[in-house]
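Please look through the sequence and the model below before reading on.

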Amino acid sequence: MKISTKIIFTVLLLTSERLYTTTAQEEEEKISEQQQPDESPEIAPEEPDDDDDDDDDDDYDEEEDLETLINEEAQDMFEGLDMNGNGEITRLEMLNALMAEWDEEVWKLVDQDTDDYVDDMGKEMFLSIFGNGQDPDFSWEAMDLDGDGQISKKEAYDNTMRFLEKDMFRGNDANGDGIITLEELTAYVRNEAEVDPKVFRAQKENNDMEFGIGGEL
């Protein structure tokens, strides 16, 4: 995915870095607990019911399940971006929705020393949002608009807006009519999901656990 899933999915795209950051300590604690010796008495495991397993396997359709997840993700995203609820997403709606929590969700992660510049610890994360320099328009040098070797908060904000308009809005507005429909957004999500279904499933599960299905961006 072009944005770190990292945002749009949910957003998609800017929030996933926070998601993985905030859950890392919890995962370490879970692993530590699992490594602790279990002093409780052993209980014999129940014998699996082969018939039930066979029935579950027969009922499960992996492709149908993936399509369901794609439709759910697209619907959740669409509802979050369609701010006036008229069934269409304009450029301003998308940018306003995605940037509404920019200061809290993105900037605090890359400026942890609070000096209004991307710090050394945040540089890698900041670049990952923009595809790690794969697009020359969003390399560190290109985003350093005044050429001082640093990226200020204003430069970061302006580049984020520029990136979202180029990769998010134009990438979703398939027919170029200036609006994004649910069908267009679903097609975009499907294309991303089919690149690596396992990664998509994991990201969808993490987003649902963090925000709740249909939760905020």
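Predicted model: local features only at pLDDT ≥ 70, side-chain atom pairs only at ≥ 80, totals over all residues.

**A guided reading of the model**

Asp116 is partly exposed, with a relative accessible area of 44%. Asp116 lies in the loop that runs between α5 (102–110) and α6 (120–129). Most residues other than glycine have a negative phi. Thr114 is found in the loop between α5 and α6 too, and Thr114 likewise has a positive phi, of about 55°, without being a glycine. Thr114 counts as exposed because its relative accessibility is 65%, and the cut-off for that class is over 50%. Asp116, at 44%, counts as partly exposed.

What kind of charge gathers in the surface patch that includes Asp116? The patch is one of negative charge, and it is formed by Asp113, Asp115, Asp116 and Asp120.

The protein has ten helices and four strands, and when its elements are followed from the N terminus on, they run β-β-α-α-α-β-α-α-α-α-α-β-α-α. Of the 217 residues of the protein, 40% count as buried. The protein exposes about 13100 Å², and carbon and sulfur atoms supply 46% of that area.

Is Met77 buried or exposed? Met77 is buried, because its relative accessible area is 2% and the cut-off for buried is under 20%. Its C-alpha atom is separated by 9.6 Å from that of Val189, although Met77 and Val189 are 112 residues apart along the chain.

How many salt bridges does a search of the whole structure find? The search finds eight salt bridges, and among them is the one in which the side chains of Asp103 and Lys153 meet, with a distance of 2.5 Å from N to O. This pair links distant parts of the chain, for Asp103 is in helix α5 and Lys153 is in helix α8, 50 residues apart. Asp103 is partly exposed, with a relative accessible area of 34%, and Lys153 is also partly exposed, with a relative accessible area of 28%.

Another salt bridge joins Lys166 to Asp137, and here the closest N and O atoms are 3.1 Å apart. Because Lys166 lies in helix α8 and Asp137 in the loop between α6 and α7, the pair ties together parts that are 29 residues apart in sequence. Lys166 is partly exposed, with a relative accessible area of 32%, and Asp137 is partly exposed as well, with a relative accessible area of 38%.

A further salt bridge is formed by Asp158 with Lys154, whose closest N and O atoms are 2.7 Å apart. Asp158 and Lys154 both lie in helix α8, four residues apart, which is about one turn of the helix. Asp158 is partly exposed, with a relative accessible area of 30%, whereas Lys154 is exposed, with a relative accessible area of 59%.

Key
Residues numbered from 1 in each chain as written. Heavy atoms only, no water. Patch = residues over 30% accessible without salt bridge, like charges linked within 9 Å, V, L, I, M, F, W, Y side chains within 5 Å. Areas by Shrake-Rupley, 256 points an atom, 1.4 Å probe, with all protein chains shown as cover. Salt bridge = Lys/Arg side-chain N within 4 Å of Asp/Glu carboxyl O. Lys, Arg positive; Asp, Glu negative; His and termini not counted. Charge placed at Lys NZ, Arg CZ, Asp CG, Glu CD. Helix = DSSP H or I, 4+ residues; strand = E, 2+ residues; numbered from the N terminus. Buried < 20%, exposed > 50% of the residue type's maximum accessible area, 1.4 Å probe, protein only.
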